[in-house]
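Work through the exercises below with the structure open beside you. Try each task before you read its solution.

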Amino acid sequence: MVDEVRGLVGTTRVGHAGTLDPMADGLLVILVGRASKLQPYVPGDPKVYRGTVVLGIITDTMDAEGKVREVVPCEATEEEVAAAVTSLAGEREQVPPMYSAVKHGGKPLYYYARRGREVERKGRKITVYGAEMTAFRRAGETAEVDITVSCSPGTYVREIAFHLGRILGCGGMLSGLRRLASGPFRVEEAMTPRKLRSLFLAGEKVVLPPLEALRGYKVLRLRREYEDRARNGAPLSLDMFLEGVEAPGEGEMVAVTAGEELIGVYERSGGKAHVLRAKRIL
């Protein structure tokens with residue numbers, strides 16, 4: 001998708017705010033031009049997914065793209081499965097799957113997995129804010145379960161599917177996944193590559209202003225006489241801004257603008273409670 005957008009808008013300055021597994025679809029936040037510098041600051045918590053889990057089958061990738069390792073009939077009732085899905089909520093350690101892009105020794109884990117090697121991985125703390133079963137279908141010795149999951153960034157839903165199967169004593173794999181939301185951004189706002197290309201070539205506005213990348217941030221608008229100071233990344237004091245916005249708390253990051261134009265991301269810190277220091281200047 002990054003290559004697609006690069007070719008369309010004619011710039012190499014294109015990035016993303018969170019990858020998807022190859023078999024997944026749904027929302028992907030793309031950053032273009034100057035806005036690509038905002039990548040570390042784009043809000044992306046929680047991630048919301050809709051997925052389908054096949055209970056009774058275990059694969060080496062924890063999803064339908066892998067090789068079947070084991071078939072263990074699912075004997076759980078619909079009520080037991082629904083309760084197990086709900087129980088997924090909470091904090092725990094998640095070990096990244098071998099078939100993932102997490103780096104080990106400078107190479108992604110899938111590099112080793114494709115060569116038949118298993119390497120030691122450290123668990124990472126994840127939070128599942130909520131999980132719900134939305135449909136249940138029995139298919140012989142297996143069962144298909146549709147779930148909606150809200151979770152912290154970096155969570156592998158494939159591993160959640162595997163973990164669900166382990167809870168139920170039958171194994172599980174992910175057969176479909178769609179990202180519905182990433183922080184304040186929702187899939188209903190997104191467009192397909194085909195629609196993006198069609199609108200762009202028709203001269204329609206398809207790229208949002210950089211300020212949109214910082215949804216949820218407090219926006220502080222500078223007085224005109226201090227705009228050049230901010231563009232140079234100098235520290236700012238609260239009396240340099242127009243009134244009407246609640247002052248940020250210590251450690252809070254804010255969007256600093258000149259009118260509606262985003263200048264950059266600042267943080268209230270540095271030992272002086274009234275000082276804002278630049279984190280990223282556009």
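Keep in mind that the model is predicted.

**Exercise 1. The whole chain**

Task: Describe the protein chain by its secondary structure, its span and its burial.

Solution: 
- Step 1. Count the elements. The chain has six helices and 18 strands.
- Step 2. Take the extent. Along its principal axes, the C-alpha trace spans about 70 × 45 × 40 Å.
- Step 3. Check burial. The chain has 282 residues, and 43% of them count as buried.
- Step 4. Look at the contacts. Among those between residues at least 6 apart in sequence, 63% join residues at least 24 apart.
- Step 5. The accessible surface comes to about 15000 Å², and 49% of it belongs to carbon and sulfur atoms.

**Exercise 2. The largest nonpolar core**

Task: Find which residues of the largest nonpolar core touch the most other members, and which elements give two or more residues to this core.

Solution: 
- Step 1. Start with the members. This core holds 27 residues, and those touching the most other members are Val53, Leu55, Val81, Val85, Val145, Val149 and Leu164.
- Step 2. Assign the elements. Two or more residues come from each of β4 (47–55), α2 (78–86), β10 (124–139), β11 (142–151), α4 (157–168) and β12 (172–182).
- Step 3. Look for another core. One of 22 residues lies apart from it, with Tyr41, Phe185, Leu214 and Leu282 among its members.
- Step 4. Zoom in on Val149. Beyond residues up to four places away in sequence, Val149 touches Lys47, Val48, Tyr49, Val128, Gly130, Ala131 and Ile160.

**Exercise 3. The partners of β10**

Task: Work out how β10 pairs with β7 and with β11.

Solution: 
- Step 1. Take β7, residues 90–94. This strand pairs with β10 in the antiparallel sense over five bridges. Within that pairing, Gln94 has Arg124 of β10 as its bridge partner.
- Step 2. Take β11. Its pairing with β10 is antiparallel too, over ten bridges. Here Glu132 has Thr148 as its bridge partner in β11.
- Step 3. Inspect the turn. The hairpin of β10 and β11 has two residues between the strands, and Gly140 takes a positive phi near 65°.

**Exercise 4. Strand β12**

Task: Decide how far β12 is enclosed, and trace its pairings with β2, β4 and β13.

Solution: 
- Step 1. Nine of the eleven residues of β12 are buried, so the strand is largely enclosed by the rest of the structure.
- Step 2. Go to β2, residues 25–26. Two bridges join β2 to β12, and the strands run parallel. Asp25 has Arg178 as its bridge partner.
- Step 3. Go to β4. Nine bridges join β4 and β12, which run antiparallel. Val48 stands opposite Ala181.
- Step 4. Go to β13, residues 185–186. Two bridges join β13 to β12 in an antiparallel run. Ala181 stands opposite Arg186.
- Step 5. Two residues separate β12 and β13, and Gly183 in the turn has a positive phi of about 60°.

**Exercise 5. Val206**

Task: Is Val206 buried or exposed, and what does Val206 contact?

Solution: 
- Step 1. Locate it. Val206 is in the loop between α5 (193–201) and β14 (218–221).
- Step 2. Apply the cut-off. Buried means under 20% relative accessible area. Val206 has 18% relative accessibility, so Val206 counts as buried.
- Step 3. List the contacts. Leaving aside neighbours within four places in sequence, Val206 is in contact with Met191, Leu196, Leu199 and Phe200.
- Step 4. Take one distance. Val206 and Met191 are 15 residues apart in sequence and 9.4 Å apart in space, C-alpha to C-alpha.

Methods
Residues numbered from 1 in each chain as written. Predicted model: local features only at pLDDT ≥ 70, side-chain atom pairs only at ≥ 80, totals over all residues. Heavy atoms only, no water. Core = buried A, V, L, I, M, F, W, Y, C linked by side-chain atoms within 4.5 Å. Buried < 20%, exposed > 50% of the residue type's maximum accessible area, 1.4 Å probe, protein only. Helix = DSSP H or I, 4+ residues; strand = E, 2+ residues; numbered from the N terminus. Contact = heavy atoms within 4.5 Å. Pairing = 2+ DSSP bridges. Areas by Shrake-Rupley, 256 points an atom, 1.4 Å probe, with all protein chains shown as cover.
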